[in-house]
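Visitor: Could you show me how to read a strand and its neighbours in a model like this?
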Amino acid sequence: MGKALEDVRILDFTHVQSGPTCTQLLAWFGADVIKVERAGAGDITREQLRDIPEADSLYFTMLNHNKRSITIDTKHPEGKLVLEELIQSCDVLVENFAPGALDRMGFTWERIQELNPRMIVASVKGFGPGPYEDCKVYENVAQCVGGAASTTGFDDGPPVVTGAQIGDSGTGLHLALGIVTALYQRKSTGRGQHVLAAMQDGVLNLCRVKLRDQQRLERTGVMKEYPQHPNGTFGEAVPRAGNASGGGQPGWILKCKGWETDPNAYIYFIAQAPVWAKICNVIGREEWTTDPNYATPAARLPHLKDIFAEVERWTMTKTKFEAMAILNKYDIPCGPILSMKEIAEEPSLRKTGTIVEVDHPVRGKYLTVGNPIKLSDSPTEVTRSPLLGEHTDEVMAELGYTADQIAHLRTVGAI
Ligand code: CAO
């Protein structure tokens, strides 16, 4: 079966996490992704958080599947010429260098357009235009400046960052959408364009509901589904809401059997209005279905803490999986808190290709997260990440360089 992006060639100038997430997705959809790295060193993550000496780290391998690697010194005059040829033969250049690095290399937007007017240049930066546009940014900085940290955690504690890499992988995902959209528009305009995904913007987009709440708070001074109501106070800005749900369905994380020793013996429980009677039956509080303090969603809002405490008395008698099985019988929305160990061992995720085992010539077998987006006409096969410079000769030959020319460029240090 063909692949959705099989005629798309990508010059991948990305490193660390945000950019590589984007180009890995495009590679999974079939694009030919040529990762340009610095000879001898490569993407810094190859050696970061290493678990096996001399082997590319999991950090690198899990973000660079299905790509080819070519090493070029892009500051060497002859290296620049190779890069120019790559620019002329590719559809998209993706980069997440610090602001200005591509310009300093001599590849400004104008120069790239001169070389290839159809080229789409896609960038991840920490910030969009404005006072911080020159700043370098990493994941947790993005979470803090995009509104996630101020709204995550508990009311009586400091701001908290989340384990989900919404700044890096989240922005990579936004960029990938920008790229395929630009490729689509190029069909009618014939022109390339610049695609920018700023990490602050990407995180804020994912925190959209919190900006919604900011405006509700300013208008009404209170948000009844927040745990601050009715027992706490609201200030001027959206507060941290603990484990409360971000939507109109009240929810909380509740202890299950074994919580004293197992840090993940918990379940997320949603007191969804349409199944309120079933919830009352399951936990043995049938009288709540008619009690005016509990019978309607609005009446329940001031009592959520007590309601969840009562449901927890029930969940503590069951393991998280037993609770899930019972609640699901009644269509009561809930979800066990799964550890990474449980996820790694989950057979259904292996079956769908969401968790994949990959073999690597140096590090051996390892687990990775496969393509989370499934296309029925463009299936994904996850192949291992490239060794540093593994495809330099192959790509150079495709560009028309002879063996002698390749040897020369290697001798002068351009590749
Ligand atoms: N040959 C020669 N030079 C190369 C090269 C190559 N193949 N590849 C990269 N370089 C050079 C760059 O030209 C740059 O040189 P100058 O500083 O002289 O212009 C240099 O390597 C370093 O690039 P950098 O500034 O991007 O790298 P850094 O480690 O200092 O910063 C990061 C890393 C991530 C903070 C920065 O790239 C950044 O802010 N990127 C945008 C936001 C982003 O993606 N952040 C998420 C990272 S994942 O958590």
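Predicted model: local features only at pLDDT ≥ 70, side-chain atom pairs only at ≥ 80, totals over all residues.

Guide: Residues are numbered from 1 along each chain as its sequence is written, and side-chain values use heavy atoms, with hydrogens and water left out.

Visitor: Is strand β1 mostly covered or uncovered, and how many of its residues are buried?

Guide: Buried means under 20% relative accessible area, exposed over 50%, and partly exposed in between (1.4 Å probe, protein chains only). Strands (E, at least two residues) and helices (H or I, at least four) are DSSP runs numbered from the N terminus. Strand β1, residues 9–13, is mostly covered, with five of its five residues buried.

Visitor: Which way do the residues of β1 point?

Guide: In a regular strand, side chains alternate between the two faces of the sheet. Here R9, L11 and F13 point one way from β1, while I10 and D12 point the other way.

Visitor: Which strands does β1 pair with?

Guide: Two strands pair if DSSP finds at least two bridges between them. β1 runs parallel to β2 (residues 32–37), joined by four bridges, and L11 has I34 as its bridge partner in β2. β1 also pairs with β4 (residues 92–95) in the parallel sense, again over four bridges; there, V94 is the bridge partner of D12.
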